[in-house]
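Me: I would like to go through this model with you, one topic at a time. Please give the cut-offs as the terms come up.

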Amino acid sequence: MKLIGKLSVATGATAFALVPAVQTAQASPAAEDSVAVICSAMPGGGYIYNAKTLDRTPARKGPYEACAVSRTYSAGATVAIACWLYNDYNNLWYKTNSNTYVYSSHFSSTVKSKVDPCEG
């Protein structure tokens with residue numbers, strides 16, 4: 001029992017050390033810190049919420065800055081948001097109705113409460 005307690009504390013400390021404290025612009029990971037970047041549409045979405053961009057907003061093929069930009073929305077454009085997810089860097093992204101992904105900082109902080117989390 002004591003061993004399990006120590007193990008869970010160590011695991012918790014390890015997980016905490018990997019999660020960034022502040023969500024900022026996404027830098028390319030170092031080779032030893034790299035994760036598998038998936039640049040394709042993932043399942044999810046149900047209710048669609050039309051959100052307005054705060055600034056120029058790139059829509060990417062996956063929820064990572066490393067993914068290719070498929071289009072760019074102008075400031076004040078309406079984007080149909082299908083769902084939200086956190087990528088492997090714990091950054092919040094929105095999946096659009098057209099199966100692209102936009103970084104959350106390009107929208108009001110209330111958008112997440114308007115749609116469901118992406119599935120799977």
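This is a predicted model: local features need pLDDT of at least 70, side-chain atom pairs count only at pLDDT 80 or more; totals for chains, interfaces and linings use all residues.

Me: What percentage of the residues is buried?
Reply: Of the 120 residues in the chain, 29% are buried. Buried means under 20% relative accessible area, exposed means over 50%, and partly exposed lies in between (1.4 Å probe, protein chains only).

Me: And which secondary structure does the chain have?
Reply: It comes to one helix and seven strands, in the order α-β-β-β-β-β-β-β from the N terminus. These are DSSP runs numbered from the N terminus: helices are H or I with at least four residues, strands are E with at least two.

Me: Take β5. Is it enclosed or open, and why?
Reply: Strand β5 (residues 92-96) is largely enclosed by the rest of the structure, because five of its five residues are buried. Leu92, Tyr94 and Thr96 point one way, and Trp93 and Lys95 point the other way. In a regular strand the side chains alternate between the two faces of the sheet.

Me: Which strands is β5 joined to?
Reply: Strand β4 (residues 78-86) runs antiparallel to β5 and is joined to it by five bridges; cysteine 83 stands opposite lysine 95. Strand β6 (residues 101-103) is also antiparallel to β5, with three bridges, and tyrosine 103 is the bridge partner of tryptophan 93. Two strands pair if DSSP finds at least two bridges between them.

Me: What about the turns?
Reply: The β4-β5 hairpin has five residues between its strands, and asparagine 90 in that turn has a positive phi of about 65 degrees. The β5-β6 hairpin has four residues between its strands, where asparagine 99 has a positive phi of about 60 degrees.

Me: On to packing: how many residues does the largest nonpolar core have?
Reply: It has 13 residues, and those with the most contacts inside it include Tyr73, Ile81, Tyr94 and Val111. The elements that give two or more residues to this core are β4 and β5, and β4 gives the most, with three. A second, separate core of six residues includes Cys83, Trp93, Tyr103 and Cys118. A nonpolar core is a set of buried Ala, Val, Leu, Ile, Met, Phe, Trp, Tyr and Cys residues joined through side-chain atoms within 4.5 Å.

Me: How many aromatic pairs are there?
Reply: The count comes to four, where rings of Phe, Tyr and Trp (its six-membered ring) pair if their centres lie within 6.5 Å; planes under 30 degrees apart count as stacked, over 60 as edge-to-face and the rest as tilted. One of them is tyrosine 64 with tyrosine 89, edge-to-face at 6.1 Å centre to centre and 80 degrees between the planes. Tyrosine 64 lies in the loop between β2 (57-60) and β3 and tyrosine 89 in the loop between β4 and β5, so the pair ties together parts that are 25 residues apart in sequence.

Technical notes. Residues are numbered from 1 along each chain as its sequence is written. Side-chain values use heavy atoms; hydrogens and water are left out.
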